[in-house]
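Hi,

Here is the structure I promised to pass on.

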Amino acid sequence: MRIPRSLLAAIGLLILAWALPAPAIAKPPDGWLLTFDDEFDGKQLDQAKWGTTMSFIGTQGPRFHNKYYQSYTLDENVVFADGRLKLRVDRRAIEGKEPTGAFDYTQGLISTDGKFSFTYGYIEIRAKYPGGKGLWPCFWLMPQTQQWPPEFDIAEYYAGRQTMHFGLAHGTVQETVWEDAYDTSALLEGDWHIYALKWTPGHAEWFVDGILRKSVDAEYVPASPMFILLSNSVSSRFGPSGVPDEKTVFPSDMEVQYVRVYQEPPPVASIVAPAKSSPKEGAPAALSLKEVTAIVGDLPQASILPAK
């Protein structure tokens, strides 16, 4: 019997698929414990877990990041509806007080700063990111010690370029180095996806929907407590998403169904208060927040723009 070429081709592709190694699938390692979670199924933000302002270096105030952004943070932009969290950006003129000034956009942001931080673990969210020029939603980790870098950008979306950024900042304030990867192969906006980071000593892996997108094996992988941030912002002309145009939809939400953190038992350095670091003998003294801010100026900390 003569086998059609189309059938032979299909069989060949199937054999090839069997021969290829299976993709790395993300999931909490067996035996690891759930040490932090929020399913966002209530009616308001759990203030024992989250705050709504920023207090790290590079910000111009607790409710405004810096010149790479146009949006001012408002508590009312943290919305609960349909059994999920919605971090909202909106085109709205407002007079800010922290810092003072006029702003044309508002944003939603939540942070576990001072409430929960962890060293090593597997963290994931299920979220739906918005699209549109100027929008800049992000899932990231910052150091509880306030000594930047490091910084993990687990899933930072430049909606104006339809590009997902996965990044790790390391080095010093004066000489910051970024480990970056970008995903432009799939349009991730507008649909639900699971974004995850597996962080172990000297190793980090970034996943989208269980598929490995980036990995780092290096001694500079962070080894100190990090806290969680979720934000939905509006980029300025200096930022990576460009400025909104007439097609950008407002209000626009970054929707999050849950955040979960798993750690190997016993959990390593899970804390519910800011940590203080002790410099090693002979090591240079850590810069103060004021000194670091003077050096950094108004560079963005949600994503200091990676070198291209």
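In what sense do strand E3 (residues 78–81) and strand E4 (residues 84–97) pair, and over how many bridges? They pair in the antiparallel sense, over 4 bridges. Here two strands pair if DSSP finds at least two bridges between them, and helices (H or I, at least four residues) and strands (E, at least two) are DSSP runs, numbered from the N terminus.

Before going on, some housekeeping. This is a predicted model, where local features need pLDDT of at least 70 and side-chain atom pairs count only at pLDDT 80 or more, while totals for chains, interfaces and linings use all residues. Residues are numbered from 1 along each chain as its sequence is written, and side-chain values use heavy atoms, with hydrogens and water left out.

**Two hairpins**

Now look at strand E13 (residues 203–208) and strand E14 (residues 211–217), which pair in the antiparallel sense over 6 bridges. Phe 207 faces Leu 212 of E14. This hairpin has 2 residues between its strands, and Asp 209 in the turn has a positive phi of about 50 degrees.

**The whole chain**

The protein chain has 2 helices and 16 strands. Of its 308 residues, 50% count as buried (buried means under 20% relative accessible area, exposed over 50%, partly exposed in between, with a 1.4 Å probe and protein chains only). Take the contacts (heavy atoms within 4.5 Å) between residues at least 6 apart in sequence: 71% of them join residues at least 24 apart.

How far can you trust it? The average pLDDT, which is the predictor's confidence in each residue from 0 to 100, is 84 for the protein chain, and 78% of the residues score at least 70. Go carefully with residues 6–24, where pLDDT stays under 50 and the model has 6 contacts beyond four places in sequence. Over residues 273–308 the pLDDT is below 50 as well, and this stretch has 74 contacts in the model beyond near neighbours in sequence.

**Aromatic rings**

The structure holds 18 aromatic pairs. Rings of Phe, Tyr and Trp (its six-membered ring) pair if their centres lie within 6.5 Å; planes under 30 degrees apart count as stacked, over 60 as edge-to-face and the rest as tilted.

Why is the pair of Tyr 68 and Phe 238 edge-to-face? Because the planes of these two rings are at 65 degrees, with the centres 6.3 Å apart. The pair links distant parts of the chain, 170 residues apart: Tyr 68 is in the loop between strand E1 (33–38) and strand E2 (71–73), and Phe 238 in the loop between strand E15 (226–234) and strand E16 (252–263). Tyr 68 is buried at a relative accessible area of 13%, whereas Phe 238 is partly exposed at 33%.

Phe 118 and Trp 199 have ring centres 5.5 Å apart and planes at 65 degrees, so this pair is edge-to-face. Phe 118 sits in strand E6 (residues 117–118) and Trp 199 in strand E12 (residues 192–200), 81 residues apart. Phe 118 is buried, with a relative accessible area of 0%, and Trp 199 is buried, with 0%.

One aromatic cluster includes Phe 118 and Trp 199, and among its other members are Phe 40, Tyr 120 and Trp 206. Phe 40 is buried at 1% and has a positive phi of about 55 degrees although it is not a glycine. Tyr 120 is not a glycine but has a positive phi of about 75 degrees, and at 17% relative accessibility Tyr 120 counts as buried.

As for Trp 206, the charged end of Lys 214 sits over its ring, 5.4 Å from the centre. A charge sits over a ring if NZ of Lys or CZ of Arg is within 6 Å of the ring centre and within 35 degrees of the ring normal. Arg 260 lies over the face of Tyr 258, at 3.6 Å from the ring centre.

**Two cis peptide bonds**

Another joins Pro 265 and Pro 266, where omega is about -10 degrees.
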